[in-house]
Structures are given as structure tokens and as C-alpha cells.
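Biologist: Please put the structure on the screen. I would like to go through it by question and answer.

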Amino acid sequence: LAYEMDPQKHILTAYARKAGVLDAQPSGALSIYPNAVEHDIASRMLGTSQKWAALHLGPGNVVGRTVPTPLLAAVEKHLKSQGWSVLWIQAGAYSVHVLAAILQQCKLFVGSDSGPMHLAQAAQIPTVGIFGAVDPQNRLIPGVPYFRGVTAPEREVGGLGCHHVY
């Protein structure tokens, strides 16, 4: 509960402080290192396409954390019309390291504020994180111009940011 007990701080800062390893904002350097076997699995899955986009609905039926399927279906349709190949990421379908290897071969991630979104940031691919009641500034690595948080305008969602206030 490191982040949940200190939600006004960036998520990495909260966890690092709880672990006693950092007392500053994250620098933008996240790393995960899949091995050769995990990279091979990802390469066999993705084939030869050079423009893969990964889409992720989120953790399931969790209000405020799951992206509506029609929204990502519209994103998929648009991307395919622009020549992209699209991979839908399903929770639990891959080990963390295989998923990291897959995302390292993708050129774009669009999806829920989630573990796969954080792996996409570690892979340093352009990332559009879709957020509910959480401030994207506290989840996306700061200062990286190709990471974007998208959320409903506050006037449309009365509880926007309520996680941080609560």
C-alpha cells in the first residue's frame, strides 16, 4: 500500500521510499530485461510486421480502470486503416518478461493505466495511458514527451482525481 498511502506522490517515488532506495522523483529510466528465449517467443508471435500497436482494455470489469471495448475497437480500426498491425493484450496471457519482450517490439501502446502500460513505458515506446480517477502525472514517467495520459474532462466526471483526494 505504499502508493495508496501516499497518492500525491509519483507511484515510483512512493514505492521506492517505502523500500528505502530513493528519495527523489523518478528520472525516466525504467528497465526490464527479457532473456533470449522470451525475445524469441515475442518474435515468433509478431512475425515480420514493422508497425505493431498493442491495445489493452485493462484489468477487467473494474470501474474506472477498464477501457470500454468500443473505444479501443475504434482505435484499432483507425490504426489498421493506417497500415498498423494490432495486438490485443489480455491480462495474464503472458509472463511479465514475455509481455515486456512483446512490447519492446511494438511501436505504440494504447490502453488502461495498468502493468502493461508501465512495461510499455519501460520499453520506451509511445504510450497513451487511459486513466480513470487517477492523476496521470503520478503514474506516467515525468518529462517523456511521447507518454500521454488521457482522461475525461473534469466537468464530465465528477470523481476525476478522487483517488488522490480520498
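Modeller: One term first: a residue is buried at under 20% relative accessible area, exposed at over 50%, and partly exposed in between. Keep in mind that this is a predicted model.

Biologist: Is Pro68 buried, exposed or partly exposed?

Modeller: Pro68 sits in the loop between β1 and α3 (69-81). Its relative accessible area is 48%. Buried needs under 20% and exposed needs over 50%, so Pro68 is partly exposed.

Biologist: How far is Pro68 from Ser112 in space, C-alpha to C-alpha?

Modeller: Along the sequence, Pro68 and Ser112 are 44 residues apart. In space, their C-alpha atoms are separated by 9.8 Å.

Biologist: In what order do the elements of the chain run from the N terminus?

Modeller: The chain has six helices and five strands. Starting at the N terminus, the order is α-α-β-α-β-α-β-α-β-β-α.

Biologist: What percentage of the residues in the chain is buried?

Modeller: The chain has 166 residues. The cut-off for buried is under 20% relative accessible area. By that cut-off, the buried share is 40%.

Biologist: Why does Ala54 count as buried?

Modeller: Ala54 lies in strand β1. Among the residues it touches, leaving out those up to four places away in sequence, are Leu87, Ile89, Leu103 and Phe109. Ala54 counts as buried because its relative accessibility is 0%.

Biologist: What separates the C-alpha atoms of Ala54 and Val86?

Modeller: These two residues are 32 residues apart along the chain. The separation of the C-alpha atoms of Ala54 and Val86 is 5.9 Å.

Biologist: Is α4 parallel, perpendicular or oblique to α5?

Modeller: Helix α4 (residues 96-105) and helix α5 (residues 115-122) pack with their axes 9 Å apart, at an angle of about 50°. Under 35 degrees would be roughly parallel, and 65 to 115 roughly perpendicular. The angle therefore makes α4, relative to α5, oblique.

Biologist: How many of the residues of α5 are buried?

Modeller: The buried residues of α5 are Pro116, Met117, Leu119, Ala120, Gln121 and Ala122. They pack against β1, β2, α4, β3 (108-112), β4 (127-130) and β5 (147-150). Helix α5 is mostly covered, and of its eight residues the number buried is six.

Biologist: Which element supplies the largest share of the largest nonpolar core?

Modeller: This core has 30 residues, and Ile102, Leu103 and Phe109 touch the most other members. The elements that each supply at least two residues are α1 (11-19), α2 (36-46), β1 (52-56), β2 (85-89), α4 and α5. The largest share, six residues, comes from α4.

Biologist: How many residues are in the other core, the one with Val67 and Val110 among them?

Modeller: This core lies apart from the largest one. Ala53 and Val86 are also among its members. Its number of residues is 10.

Note on methods
Residues numbered from 1 in each chain as written. Predicted model: local features only at pLDDT ≥ 70, side-chain atom pairs only at ≥ 80, totals over all residues. Heavy atoms only, no water. Axes fitted to C-alpha atoms, helices over the stretch in contact; angles between N-to-C directions. Helix = DSSP H or I, 4+ residues; strand = E, 2+ residues; numbered from the N terminus. Parallel < 35°, antiparallel > 145°, perpendicular 65-115°, else oblique. Core = buried A, V, L, I, M, F, W, Y, C linked by side-chain atoms within 4.5 Å. Buried < 20%, exposed > 50% of the residue type's maximum accessible area, 1.4 Å probe, protein only. Contact = heavy atoms within 4.5 Å.
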